Amino acid sequence: MRVSEAMSRDVQIVDPDQTLQQAAAKMCELDVGALPVGENDRLVGMITDRDIAVRAVAENKSPASKVRGVMTQDVKFCYDDEDVDHVARNMGDQQVRRLPVVNRAKRLVGILALGDLAAQGEARPAAQALEGISQPGGRHT
């Protein structure tokens, strides 16, 4: 199965100069835990609810602080034509629950989440990813 068959296509982005409050409100509105960060038609980061909690709230940053101050800049992504099993292994290795999906022109076309893998009815890719994600030593430790 290809990533394009499992990914969520309706992806919203935030601007790095938006506030953490605006990003959190958009996450709440969309019922998502992560948003790609885009600037000048480029993917420049990802921000998660965990980033807001660990990198902002825990460090006493204001809700008016900018997304760029807490986002993950080293964006991991996958291509829409990649094999889901391969990408699931990479998600586990990189300890990420969500990956932006780009086409070969590097345009954002979706997002692949651990839940998307599980929803496909094939337990193996989701289990592979979750096993790696659950190992100690993720980017916040």
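Cys 78, by contrast, is buried, with a relative accessible area of 1%. I then searched for disulfides, taken as pairs of cysteine sulfur atoms within 2.5 Å, and the count came to 0.

**Basis.** I note that this is a predicted model, in which local features need pLDDT of at least 70 and side-chain atom pairs count only at pLDDT 80 or more, while totals for chains, interfaces and linings use all residues. Residues are numbered from 1 along each chain as its sequence is written, and side-chain values use heavy atoms, with hydrogens and water left out.

**Cores.** I looked for nonpolar cores, that is, sets of buried Ala, Val, Leu, Ile, Met, Phe, Trp, Tyr and Cys residues joined through side-chain atoms within 4.5 Å. The largest has 14 residues, and Val 3, Val 87, Met 91, Leu 112 and Leu 117 have the most contacts inside it. At least two residues of this core come from each of α1 (3–6), α4 (84–94), β4 (98–102) and α5 (114–119), these being DSSP runs numbered from the N terminus, with helices (H or I) of at least four residues and strands (E) of at least two. Helix α4 gives the largest share of this core, 4 residues. I also found a second, separate core of 13 residues, with Val 14, Val 44, Ile 47 and Met 71 among them.

Terms used. Buried < 20%, exposed > 50% of the residue type's maximum accessible area, 1.4 Å probe, protein only.
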